[in-house]
Amino acid sequence: MKLRWSPTSPFVRKVVVLMKEKGIEDQIEKEKSNPLSREDRAATPSPLGKIPCLVTDDGKSIFDSPVIMEYLDTVCDGPEMLPKSGDARWTTLCRQATADGMIESMVTCFVESLKKPERQSGGILAHNKGIVFNGIAALEEEAEAFGGSVDMGTISVAVALSFTDQTFPDDDWRADNPTLAAWFDVFDERPSMTESV
């Protein structure tokens with residue numbers, strides 16, 4: 001299998017962390033792609049031109065990060081990253097959805113910040129920053145239930161919080177969210193996280 005990736009993408013990082021946690025990283029070739037390059041977007045097998053995109057051994061394209069993670073969890077050996085059924089499955093998927101929404105909003109803020117200051121939209125920046133911090137507040141409410149779980153939900157949450165530190169370095173989300181902060185500080189020390197920064 002081959003993974004179209006960029007080392008700076010939080011969506012790619014989610015997949016890489018899952019690969020490390022399952023012990024399957026050596027089974028997947030990485031092919032670097034620049035999501036800001038028109039040529040690289042055109043060469044990406046995803047019809048959306050986005051990364052990550054996984055190309056299976058039989059040439060099938062799997063995209064984007066939630067689908068890739070579930071595919072790898074299904075076809076590869078290693079610890080289960082998504083419960084097959086029941087409340088645990090929906091809880092895991094909802095945590096992932098919260099984290100992905102936060103990441104999408106931070107990417108929007110990043111793209112907006114690339115514009116000249118006079119062309120940046122304060123409304124867009126404020127709206128998307130609000131989404132991120134609403135997500136953090138919601139995760140604080142359930143952080144105690146995370147425990148030592150390593151799954152698609154907690155991986156996504158950890159990557160989103162790490163990306164928050166990068167995107168909003170002057171905002172101390174930990175002060176108002178101590179349970180989530182304590183959980184993240186432990187999870188962030190996992191080799192899968194430290195090796196994928």
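Is Glu-112 buried or exposed? Glu-112 is buried, with a relative accessible area of 4%; buried means under 20% relative accessible area, exposed over 50%, and partly exposed in between (1.4 Å probe, protein chains only). The structure is a predicted model, in which local features need pLDDT of at least 70, side-chain atom pairs count only at pLDDT 80 or more, and totals for chains, interfaces and linings use all residues. Residues are numbered from 1 along each chain as its sequence is written, and side-chain values use heavy atoms, with hydrogens and water left out.

**Salt bridges overall**
- The model has 15 salt bridges, each defined as a side-chain nitrogen of Lys or Arg within 4 Å of a carboxyl oxygen of Asp or Glu.
- One network of salt bridges links Lys-20, Glu-25, Lys-30 and Glu-195.

**Glu-31 and Arg-4**
- A salt bridge joins the side chains of Glu-31 and Arg-4, at 2.8 Å from N to O.
- Because Glu-31 lies in strand β2 (residues 29-32) and Arg-4 in strand β1 (residues 2-5), the pair ties together parts that are 27 residues apart in sequence.
- Helices (H or I, at least four residues) and strands (E, at least two) are DSSP runs, numbered from the N terminus.
- Glu-31 is partly exposed at 25% relative accessible area, whereas Arg-4 is buried at 7%.

**Lys-14 and Asp-100**
- Lys-14 and Asp-100 form a salt bridge, their closest N and O atoms being 2.6 Å apart.
- This pair links distant parts of the chain, with Lys-14 in helix α1 (residues 10-22) and Asp-100 in helix α4 (residues 86-113), 86 residues apart.
- Lys-14 is buried at 0% relative accessible area, and Asp-100 is buried at 8%.

**Lys-115 and Glu-112**
- The closest N and O atoms of the salt bridge between Lys-115 and Glu-112 are 3.0 Å apart.
- Lys-115 is partly exposed, at 38% relative accessible area.
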